[in-house]
Amino acid sequence: MKIKLYNSLTKSTDEFTPINGNEVRMYSCGPTVYNFAHIGNMRAFLFADFLQRVLRVVGEHDLKWVMNITNIDDKTIRDSQPGSNAWLGDMGKQTDNPLENLLNLTKFYENEFLKDIATLGINPEHFYSMPKATEYIEEMKDLILKIIDNGIAYVSDNSVYFNVNEWRKKDIYGKLKKIDFDNFLQGARVDADTYEREQASDFVLWKGKKENEPFWDFEINGVNVPGRPGWHIECSAMEKVLLDLPFDIHTGGIDLKFPHHEDEIAQSKAGYGIEPTAFWCHNEFLEVEGQKMSKSLGNFFTLRDLLNKGVDAKDIRLAMLSTHYGTKYNFTFKDVEATRKARLRVQEFIYTLFDEQFGTKEVSIDDLQNSVFVQLADDLHSPKALAAIFTIINNHNAAELTKESKDQLINLFAKLNDIYAVWEITPRPAEEKQEAPVEVIELANQRWQAKKDKNWGLADEIRAKVTSLGWTIKDTKEGFDLVAN
Ligand code: AMP
Ligand code: ZN
C-alpha cells in the first residue's frame with residue numbers, strides 16, 4: 001500500500017515513493033548521550049520506529065535505517081569535564097585526557113540508551129547502523145573543506161563558520177522554517193550547537209580547540225586548525241557516508257527543524273551539491289502540563305523513573321503511539337493507565353483467537369486488514385488505526401469463528417504487532433490462568449455431565465450460574481477451561 005506522509009519541506013501530505021526500487025533509506029537524528037534520555041526524547045525515537053515499521057509492514061518496503069549517536073557536542077563535553085555530576089562511579093576513573101573522559105561518559109549513556117529503547121520495543125536488529133560522531137571526524141573535515149573550497153565557509157578565531165549571507169545568494173536558507181531576516185544578526189556568528197531563530201547568523205562548522213577539551217588536528221590551506229566538529233556537520237557527514245545522497249526520509253523532533261536540519265540542508269548542498277533528502281518528517285513534543293518536557297526545564301521523567309513507579313514499558317509505548325505524531329502529546333499517568341486497559345483488551349482478544357473453540361462464522365480478512373492499514377498509510381494515523389482495531393474486536397466473538405478465520409486473524413494481529421510491538425501473539429500463558437474456586441469447578445463438572453447427557457437446558461442453566469459467579473466456561477478438545485471474567 002502507498003504511504004502518505006506530512007513533509008515539513010513541502011508543508012503538505014505527500015505520497016511517498018523510494019528513490020531506489022523498494023528500498024527506503026532513512027536517517028533519524030539520535031540521542032545526545034550526556035545523560036539518561038527522558039521520555040520526551042523517547043517520543044522522537046518511537047516515532048521514527050513506528051514510521052519505519054509502517055513502511056516495512058504496510059508499505060512492504062525494505063528498510064535501511066540509520067540513527068546516529070551524538071557523542072561529541074557542547075553538552076557531552078561539558079558533562080565529561082572532571083567534577084561534573086553526570087559522571088557516575090561505574091564509568092571508570094576520570095583521567096586528565098579529555099577525549100578518554102568524553103568517550104567513557106558517552107559510552108555509558110549510549111549503553112543505557114540502547115537498553116531503554118529495547119525496553120520500549122525498538123528492535124536493535126532494525127538498525128542498519130548507529131554511527132557515533134567521533135568515528136566520522138575525517139568525513140566531517142572533508143565536507144568542511146568542500147564548503148570552504150566553494151566559498152561558503154571561512155576560518156575566523158581558529159574556528160570555521162558557515163557564511164549564511166553568501167549562501168543566500170545561491171539558495172534559500174529557511175526551507176523548513178521561515179526565518180525572520182530582519183532580525184538576522186548581520187556578521188554575527190554563533191558558536192553554540194543549539195540556538196534560537198532570532199539568533200540566526202553564521203554558524204560554526206568546526207570549533208577551535210579549547211583548554212581541557214578533546215580536539216583533532218585539521219589542516220586547512222596548509223595551516224593546522226585543531227578543534228572539533230559542530231553538531232550540525234556531524235549528521236551531514238554521517239548520513240552521506242552511510243546512506244548516500246539524496247536518501248529517502250529524514251526524521252527528528254520538531255525543535256530540530258531549526259537550526260539543526262536547516263543547517264544540515266545548507267551544509268550538504270554547499271559542500272556536496274546535493275540536499276540530504278526531499279522528505280523531512282518531524283514529531284511534535286511530548287509535554288507536561290503544557291510545556292515541552294526537557295532537561296533544561298527540569299520537568300522530565302526518564303524511562304527508569306516510570307518503570308520504578310511500576311509503569312509497564314508497553315503501556316508507555318502504546319500511549320505515545322496512540323496520539324498522532326504531528327500533534328502534541330500531554331503525558332499523564334491517567335492516560336498511561338487508560339492505555340493499559342486498552343492494550344489488555346486487545347491482548348485478551350488475541351488469546352481467545354488461540355482457544356480451541358470454533359464456530360461457523362467467517363471473516364473477510366482483506367477488508368479487516370485494509371480498515372487498519374489505510375489509516376496507517378494516511379500519514380501514520382495511529383489513533384484511527386487503533387479505533388479500527390477496536391472495531392474488529394468489538395465485531396467479532398472468537399468462539400463463533402471458523403478455525404481458518406481465527407488463523408487469519410492471528411496472522412493479521414501478528415502483522416499489527418510488527419508495527420505496535422506491545423502484544424503477545426501466543427495462547428494465554430498457563431500462569432495467567434487463575435485457579436477457580438471449588439464451587440465453580442464443581443458446577444463446571446456438573447455442566448460437563450449435563451452436556452454428555454445431552455441435557456442442554458440444564459447445561460445452559462449451569463453455565464449462566466458460573467457466569468454470574470465471575471467465570472466463563474470455555475470448551476476445549478479435552479474438556480473445558482475456566483477463565484476469570
Ligand atoms: P537530544 O538527545 O537532545 O539530541 O534529543 C533527541 C531527540 O528528542 C530530538 O529529535 C529532539 O527533537 C527530541 N525531543 C526532545 N525533547 C522532546 C520532547 N519533549 N518531545 C518530543 N521530542 C523531543
Ligand atoms: Zn542530526
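Student: Which residue follows α7, and is its phi positive or negative?

Tutor: G273 comes directly after α7, and its phi is positive, near 80 degrees. Helices are DSSP runs (H or I, at least four residues) numbered from the N terminus. This is a predicted model, in which local features need pLDDT of at least 70 and side-chain atom pairs count only at pLDDT 80 or more, whereas totals for chains, interfaces and linings use all residues. Residues are numbered from 1 along each chain as its sequence is written, chains are lettered from A and ligands numbered from 1 in the order in which they are written, and side-chain values use heavy atoms, with hydrogens and water left out.

Student: How many residues of α7 are buried?

Tutor: Buried means under 20% relative accessible area (1.4 Å probe, protein chains only). In α7, 15 of its 16 residues are buried, so the helix is mostly covered.

Student: Which protein atoms are the donors of the zinc ion (ligand 2)?

Tutor: Donors are N, O and S atoms within 2.8 Å of the metal (3.2 Å for Na, K and Ca); water is not among the atoms, so sites may look incomplete. For this zinc ion, the protein donors are C29 (SG), C235 (SG) and H260 (NE2), at 2.0 to 2.2 Å. Their spacing along the chain is C-x205-C-x24-H. C235 in helix α6 (residues 231-243) and H260 in helix α7 are 25 residues apart, a pair that links distant parts of the chain. C235 is buried, with a relative accessible area of 1%, and H260 is buried, also at 1%.

Student: How many cavities of 30 Å³ or more does the structure hold?

Tutor: A cavity is a set of points, on a 1 Å grid over the protein atoms alone, where a 1.4 Å probe fits but cannot get out; lining residues have an atom within 4 Å of a point. Points are joined across faces, edges and corners, and a volume is the space filled by probe spheres set on them. The structure holds 2 such cavities.

Student: Which residues line the second largest cavity?

Tutor: The lining consists of W167, D171, I172, Y173, K175, E262, I265 and A266. Helix α7 (residues 257-272) gives the most, with 3 residues.

Student: Which helix gives the most to the lining of the largest cavity?

Tutor: That is α1, with 4 residues. The lining includes R43, L46, F47, F50 and N283.

Note on methods
On a 1 Å grid over the protein atoms alone, a cavity is a set of points where a 1.4 Å probe fits but cannot get out, and a pocket is an open set with protein on both sides within 12 Å along at least five of seven lines; lining residues have an atom within 4 Å of a point. Helices (H or I, at least four residues) and strands (E, at least two) are DSSP runs, numbered from the N terminus. Buried means under 20% relative accessible area, exposed over 50%, partly exposed in between (1.4 Å probe, protein chains only).
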